[in-house]
Amino acid sequence: VQLQASGGGLVQPGRSLRLSCAASGSIFNDNTMAWYRQAPGEQRELVATITSAGNINYKDSKKGRFTISRDDAKNTVYLQVDSLKPEDTAVYYCNMGGYIGNYYYPSHWGQGTLVTVSS
């Protein structure tokens with residue numbers, strides 16, 4: 001499985017951005033997809049997950065401004081980020097994995113796309 005993230009760039013505070021992650025292979029539809037992000041000097045953190053059935057979970061602090069979605073016909077998962085803040089500056093990674101109980105286990109990683117929020 002290969003995951004190709006795109007859509008990052010330099011964005012002004014308050015604007016919106018939609019990140020995309022295209023997956024190769026035929027197993028996309030059967031798997032949970034996730035977005036993580038890693039800010040400079042910080043650990044990588046989970047942002048949101050979406051299962052093959054369309055069930056969505058956001059890390060508590062990410063509710064409201066982040067929207068994860070998927071298009072199985074395009075083997076693509078998206079992350080919409082609204083009202084961007086400088087603290088959203090990070091490399092955003094997509095991931096294919098799965099849940100065991102309430103815990104998401106990341107498996108395949110994409111290469112990441114850098115989002116810089118600055119005026």
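Student: By the ring-pairing rule, how many aromatic pairs are there?
Tutor: Happy to start there. This is a predicted model in which local features need pLDDT of at least 70, side-chain atom pairs count only at pLDDT 80 or more, and totals for chains, interfaces and linings use all residues. Residues are numbered from 1 along each chain as its sequence is written, and side-chain values use heavy atoms, with hydrogens and water left out. Rings of Phe, Tyr and Trp (its six-membered ring) pair if their centres lie within 6.5 Å, and the count by this rule is five.

Student: Is the pair of Tyr36 and Tyr104 stacked, edge-to-face or tilted?
Tutor: Planes under 30 degrees apart count as stacked, over 60 as edge-to-face and the rest as tilted. The ring centres of Tyr36 and Tyr104 are 6.4 Å apart and the planes stand at 40 degrees, so the pair is tilted.

Student: How many residues apart in sequence are the parts that this pair ties together?
Tutor: Strands are DSSP runs (E, at least two residues), numbered from the N terminus. Tyr36 lies in strand S4 and Tyr104 in strand S10 (residues 103-109), so the parts tied together are apart in sequence by 68 residues.

Student: And what kind of pair do Tyr103 and Tyr105 make?
Tutor: Their ring centres are 4.6 Å apart. The planes meet at 70 degrees, so the pair is edge-to-face.

Student: Is Tyr105 buried, exposed or partly exposed?
Tutor: Buried means under 20% relative accessible area, exposed over 50%, and partly exposed in between (1.4 Å probe, protein chains only). Tyr105 has 42% relative accessibility, so this residue counts as partly exposed.

Student: Which ring has the charged end of Arg44 over it?
Tutor: A charge sits over a ring if NZ of Lys or CZ of Arg is within 6 Å of the ring centre and within 35 degrees of the ring normal. The charged end of Arg44 is 3.7 Å from the centre of its ring, and that ring belongs to Tyr93.

Student: Which cysteine does the disulfide join to Cys21?
Tutor: The rule asks for a pair of cysteine sulfur atoms within 2.5 Å, and the count comes to one disulfide. Here the S to S distance is 1.9 Å, and the partner of Cys21 is Cys94.

Student: What is the order of the strands in the open sheet?
Tutor: Two strands pair if DSSP finds at least two bridges between them. Four strands take part, and the pairing is antiparallel. The edge strands, each pairing on one side only, are S1 (3-6) and S7 (66-71). The order is S1-S3-S8-S7.
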